[in-house]
Amino acid sequence: MRYNSLSDIRVIDLTHHIAGPYATRMLAEMGAEVIKVEPPWGEGARRRGPTRDGTGDACADRGALFAFLNTNKLGVTLDLRRARAREMLLAMLEGADLLFENFAPGTLQKLVGLSPNDILARFPRLSIVSISNFGQDGPDRDAPINDLVLFARGGWTYPVGEPTREPLTPPGSLAQYVGGLFAAIGAMQALYARNFVLGCGQHVDVSLLEATVATMIYETVGFQYSGVARVRVGKRYAVGPFLIVTLACRDGYAGLHCVTDKQFESLCEMMGRPELVSDERFRTALLRMVNNDALLAIVEPFFLEHDRMFLYREGRKRKLPLVPIPSIAEVLEWEQLKARGYFETVRDPVLGEIRIPGAPLRLSSHRPEPTRPAPLLGEHNRLIFGERFGLDGAELSRLRQAGVI
Amino acid sequence: MSMTTHERLRVVDLSMGWAGPLVGAMLSEMGAEVIKIEDTRHFDWWRGSLSMGAPEEHPIERSAVFNSVNRGKLGVTLNLADPRGVEVLKRLAVTADVLIENYSVGVMERLGLSYRVLSALNPRLVMISMPSFGAEGPESDARGYGNTVEAMAGVTGLTGYHDGGQPYTLSNALGDPVGGLNGMFAVMVALHERERTGRGQWIELAQVEAAIPLMAEALLDYQLTGKIPPPHGNRHPRHAPHGIYRCAGEDNWIAVGVESEAQWRALLGVLGLERLAADPRFATAEARKRNEDALDDALSHAFASRETEEVARRLIRAGVPAGQVNSAPAVMADEQLQARGYFVPVERAIVGTHLYPGAVARFSQTPLETDRPAPLLGEHNRVVLREVLGMSDAEMEALESAGIIGTRPLG
């Protein structure tokens, strides 16, 4: 989808990989003009998977994740090692509202020849959003990292998994996206501050490690309050006055979230065991914590005897949060999302038709337009450099031959 | 300087739990005046319950999580089951820029507080509703929380050990913070657009739809290959070694992920395992992936006697992506986070001073304000009703005696 709420905003996007492109994708989805600037050989994510042959890396123009993360953007190429390309970038910053970058700290200055402060001084309406692994300073600023390490260091991994086994990392690159969300919000806040308070832009420094830690309040703040650090407790989400647990059913797994007295009553009623509500072992939330094993021993066999969808329906009838844990294929075919028209089919020029997640928000005053596919490498060079900056065809071919674009 | 110095934003926050309140908390970090509305009978369930301790210990004021995501807000109670309470809420909404709610679908309508009603009173109002699975659709009646939203987005199904077994729920109820961050982004977008159009709007944000984009890679992998990707556990689909290994001491672990030949050589150097470089089982990246079980055995053996922090430091210096698997106290002691002053001390009545997560986005000119405490139940009833609505003491006393406002929990 593409809304037009931010149609007055222009973004110059120097980012690569996931966190940066996801942040600018959110702005593009809301109508900002996002010009993605890549080196003439393309940013790394173009060559990353998924691909049709399942090999993962090494595809010519784009892997599918690139195709998702860069929808609704315009694409130009510039080899910023060349003086002419740097001039062209600076020309693009004239009139831009936001510059996004997620190079290793210090690299932007080396590439552009200007520090963030110099850039801000030259383009007072512009804000710079820098996303990095650890932030723009600190002793580990330049340390190597990947998703596994980011999750581990940020505290997500330690409390997940079996107590007798190694901690279990969350899947995929979730923390990259969380960092991208903070960056997209930071960009909007910088625009707000510019428009209403400062009159000028500023530098926004977003650390992926800090974004990761920001979601761990149960652990970090909870630990200080209780003095007890969260540990791995297997199928249970945590030890507490509740039963939040992943349970085997006849045909897969279901997730149960039983916290309040009302939810406990619903659970007992659903199991056909209303007498458990007044059972001395389970009468209160605290008792249900103390006697959690006994409770689980009653709930587990019931789930094992039933199908996931039966449990989901019965839970819904009783306002009990209980879900069938879907595979990725089932998410794609989930009736609720189909009814809401959530997934959007995009005709990608390289991959063909793909179904991508739609916009999570719906605005009452808009009818969104269909998503535009991610740009081919340098697809909009002519549009941006030719039509907007007035370079003629001969000049563009010269720049192409010289490897500037 | 605050981001909202000149034009102070006012926010009415009816939400509970984590996702909705996070939106209000992030707006308060910008300097907005955020009025959190609770009911003395139905206070924010994230406070816990009255049965969690003796009344004189104020159990509902001792929730670490409530006290985290309601920082910087004003606390007001209103009985919305009473038309007089609804009337007060309407008067507040008329003065507000933003209204946040995450009730179950249909509740705002029943209270007579739908967007249609509120926007007629205040066309500049931006209202956000955050149903778990959407305001419409055949399953919009399903109750969602962070964990169940996370499951329905496909995250849980992919969280499991590489050698099989059951799926696991993440410990941070991911659906909640991701829903909240998307909500905050949406509100900022609507506020931006309001300056151009002069009008607010209603935002519907289905939390599960906010979480699904995080799984885009797996969704696309399945579409392109026709195969449902299995949980990879701590392993990587292509690279090895990529795992979590036990170090010396009690429950100490290190995460190491090698993605290049240079990193592989550096890892062997740090661990004194140079001899493995010549082992045909590990000679190439493909061979290492093929013989990953044997590789993990060798590495597990080598890490078992190492001190986690020390070996992590040495690996990082050698250019290998590595880090401790931090438990909560270790996260709080992390050198990088400390050097950047990430956690901020906040003093709050009843519980005292603790460290809370600070600002993730660091602004060079208008830093976010993260150091104001969460309100006690009904703490700012009188301040808000007097200063925002101009109520007299007599009016407020009448509301108090009618049980519309109060500071004593009745839940």
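Two strands pair if DSSP finds at least two bridges between them. With that idea in hand, let us walk through some close-up views of this predicted model.

**View 1. A strand of chain A pairs with a strand of chain B.**
Here strand E6 of chain A, residues 203-207, meets strand E12 of chain B, residues 361-363. Three bridges link the two strands, and the pairing is antiparallel. To find your place, look for A:Val204, which stands opposite B:Phe363 in E12(B).

**View 2. Chain A and chain B touch each other.**
How many residues does each chain bring to the contact? Chain B gives 134 residues and chain A gives 123 residues. On the side of chain B that touches chain A, the largest share comes from helix H7 of chain B (residues 175-197), with 14 residues. Sorted by class, that side of chain B holds 74 nonpolar, 39 polar and 21 charged residues.

Follow the strands in their order: E12(A)-E6(B)-E5(B)-E4(B)-E1(B)-E2(B)-E3(B). The pairing in this sheet is mixed. Which strands stand at the edges? They are strand E12 (361-363) of chain A and strand E3 (73-77) of chain B, and each of them pairs on one side only. On average, neighbouring strands are turned by 20° against each other, with direction ignored.
Inside the sheet, strand E4 (residues 98-101) and strand E5 (residues 126-129) of chain B run parallel and share four bridges.

**View 3. A three-stranded open sheet sits in chain B.**
The order this time is E7-E8-E9 of chain B, with antiparallel pairing. Strand E7 (242-246) and strand E9 (322-324) are at the edges; each has a single partner strand, so one side of each is left without a neighbour in the sheet. From one strand to the next, the twist averages 20°. Strand E8 (residues 253-257) of chain B is joined to E9(B) by three bridges, and B:Ile254 has B:Gln324 as its bridge partner in E9(B). Helix H12 of chain B (residues 292-303) packs on this sheet and touches E7 and E8 of chain B. The direction of H12 makes about 40° with that of E7(B).

**View 4. Chain B is divided into two assigned domains.**
Domain 1 of chain B consists of 10-213 + 339-401, while domain 2 covers 253-324, according to the domain assignment. How far apart are the C-alpha centres of these two domains? They lie 45 Å apart.

**View 5. Helix H16 of chain A has its buried residues on the same side.**
In this helix, residues 381-388, the buried residues are A:Asn381, A:Ile384 and A:Phe385. Why are they on the same side of H16(A)? They cover an arc of only 100° around the axis. These buried residues pack against strand E2 (33-38), strand E3 (74-77), helix H3 (83-93) and helix H17 (393-401) of chain A. After H16(A) comes A:Gly390, which has a positive phi, near 75°.
E2(A) deserves a look of its own: five of its six residues are buried, so this strand is largely enclosed by the rest of the structure. E2(A) also pairs in the parallel sense with strand E1 of chain A (residues 10-13), over four bridges. In this pair, A:Asp13 stands opposite A:Lys36 in E2(A).

A:Gly20 belongs to helix H1 of chain A, residues 19-29. Is A:Gly20 buried or exposed? With 29 C-beta neighbours inside 10 Å, A:Gly20 counts as buried. Beyond its neighbours within four places in sequence, A:Gly20 is in contact with A:Thr15, A:Phe100, A:Asn102, A:Ile131 and A:Gly180.
B:Val351 lies in the loop between strand E10 (343-348) and strand E11 (352-357) of chain B. B:Val351 has 18 C-beta neighbours inside 10 Å and therefore counts as partly exposed. Not counting residues up to four places away in sequence, B:Val351 touches A:Tyr225, B:Glu61, B:Arg62 and B:Asn67.

Key
Residues numbered from 1 in each chain as written. Chains lettered and ligands numbered in written order. Predicted model: local features only at pLDDT ≥ 70, side-chain atom pairs only at ≥ 80, totals over all residues. Contact = placed C-beta atoms within 7 Å. Nonpolar A, V, L, I, M, F, W, Y, C, P; charged D, E, K, R; others polar. Buried ≥ 20, exposed ≤ 12 C-beta atoms within 10 Å, placed from the backbone. Arc of directions from axis to C-beta. Domains from an automatic or database assignment. Axes fitted to C-alpha atoms, helices over the stretch in contact; angles between N-to-C directions.
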